[in-house]
Amino acid sequence: MAQGCLKCLKYTMCFANFLCFICGVAVLSFGVYMMVNFRMAALTPTLASFNSANMLLISGIIITCVSFLGFLGALKENRCLLLTFFLLLFFLMLVELTAACLLLMYESEIGRIVKEDLNKGLEKAKGKTANATDVMSEWDLIQVQFDCCGVNNRTDWGDKVPDSCCLSNCNSPQAQYREKGCLITLQNWFEENFLTTGISVIVLCIIEVLGMCFAMTLFCHISRSGLGYKL
């Protein structure tokens, strides 16, 4: 009976970690795709290291490595790998909860930094510097995707309102422009997705707790039965 439970737990953990490994590869691939096609670091240089593409890349690498470790530990019944898998999941859960608390505590500070960076990026796009074209292309992308214009409104561009702000009659005096600024639009977008993000973090923590329970249960079964590789 004990051997049957051990095998069931073992293959369940292998299957779950294999699915996580596939998800990790998908997240990693999507991060690479965003880094190549959506380079928005110039808009917020202060937070450039924390842009979506970098976060997806780091998350994909971590998920892939940790799930592979759990899969291999369960498959080989290696107590050392299972214990390492348990400790990594515990550490990752602590990091996620700490990051969530810091984001809530410093929400206004992050908003101020984003506003300052957007204003600096807009000035660079209006100027004639070497990277003005790259910054302008990023502004064009964000203005079209989020249906906004400038930081606060189109007057931020002065007399050189880009075509990405225009809705109709672009080359005439009666041209119609996007009314909302990108700062408030981005804030609204984050607020709308706040609940989804919170639920995702909670679900992720639950999955990690289940993974830790599976790993420790399998570790204890192997220890009691005297099977598997030793520490």
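Buried means under 20% relative accessible area, exposed means over 50%, and partly exposed covers what lies in between. With 45% relative accessible area, F68 is therefore partly exposed. The tour returns to F68 below. Keep in mind throughout that this is a predicted model.

**Whole chain**

Colour by burial next: of the 231 residues, 30% count as buried. A surface view covers about 14300 Å² of accessible area, with 68% of that belonging to carbon and sulfur atoms. Among contacts with a separation of 6 or more, 68% are between residues 24 or more positions apart.

**The largest nonpolar core**

Select M13, F85 and L218. These are the residues with the most contacts inside the largest nonpolar core, which has 18 residues. Then select α1 (2–37), α2 (52–76), α3 (79–105) and α7 (194–225), the elements that give two or more residues to this core. The top contributor is α3, with six residues.

Now centre on F85. Which residues does F85 contact, leaving aside neighbours within four places in sequence? The list is M13, N17, V66, L69, G70, G211 and A215.

A second, separate core has 17 residues, including A125, W139, C148 and V161.

**Two aromatic pairs**

The structure holds two aromatic pairs. For one of them, select F21 and F68: the pair is tilted, with 6.4 Å centre to centre and 50 degrees between the planes. F21 sits in helix α1 and F68 in helix α2, 47 residues apart, so this pair links distant parts of the chain. F21 has 27% relative accessibility and thus counts as partly exposed, as does F68 at 45%.

For the other pair, select W139 and W157. Their rings are edge-to-face, 5.7 Å centre to centre, with 85 degrees between the planes. W139 lies in helix α5 (residues 132–145) and W157 in the loop between α5 and β1 (166–168), so the pair ties together parts 18 residues apart in sequence. Are these two tryptophans buried or exposed? Both W139 and W157 are buried.

**Cysteines**

A disulfide is a covalent bond between the sulfur atoms of two cysteines. The count here is two disulfides.

Select C148 and C182, which are joined by a disulfide with an S to S distance of 2.1 Å. The torsion about their S-S bond is about 85 degrees, so this disulfide is right-handed. C148 is in the loop between α5 and β1, while C182 is in helix α6 (residues 182–192), 34 residues away. Both C148 and C182 are buried.

Move on to C149 and C165, whose sulfur atoms are 2.0 Å apart in a disulfide. The torsion about the S-S bond is about 95 degrees, so the bridge between C149 and C165 is right-handed. C149 and C165 are 16 residues apart, each in the loop between α5 and β1. The relative accessible area is 0% for C149 and 0% for C165, and each is buried.

Finish at C20. C20 is partly exposed, at 31% relative accessibility. C65 is also partly exposed, with a relative accessible area of 47%.

Notes. Residues are numbered from 1 along each chain as its sequence is written. This is a predicted model: local features need pLDDT of at least 70, side-chain atom pairs count only at pLDDT 80 or more; totals for chains, interfaces and linings use all residues. Side-chain values use heavy atoms; hydrogens and water are left out. Buried means under 20% relative accessible area, exposed over 50%, partly exposed in between (1.4 Å probe, protein chains only). Contact means heavy atoms within 4.5 Å. Accessible areas come from the Shrake-Rupley method with a 1.4 Å probe; for residues, only the protein chains shown count as cover. A nonpolar core is a set of buried Ala, Val, Leu, Ile, Met, Phe, Trp, Tyr and Cys residues joined through side-chain atoms within 4.5 Å. Helices (H or I, at least four residues) and strands (E, at least two) are DSSP runs, numbered from the N terminus. Rings of Phe, Tyr and Trp (its six-membered ring) pair if their centres lie within 6.5 Å; planes under 30 degrees apart count as stacked, over 60 as edge-to-face and the rest as tilted. A disulfide is a pair of cysteine sulfur atoms within 2.5 Å.
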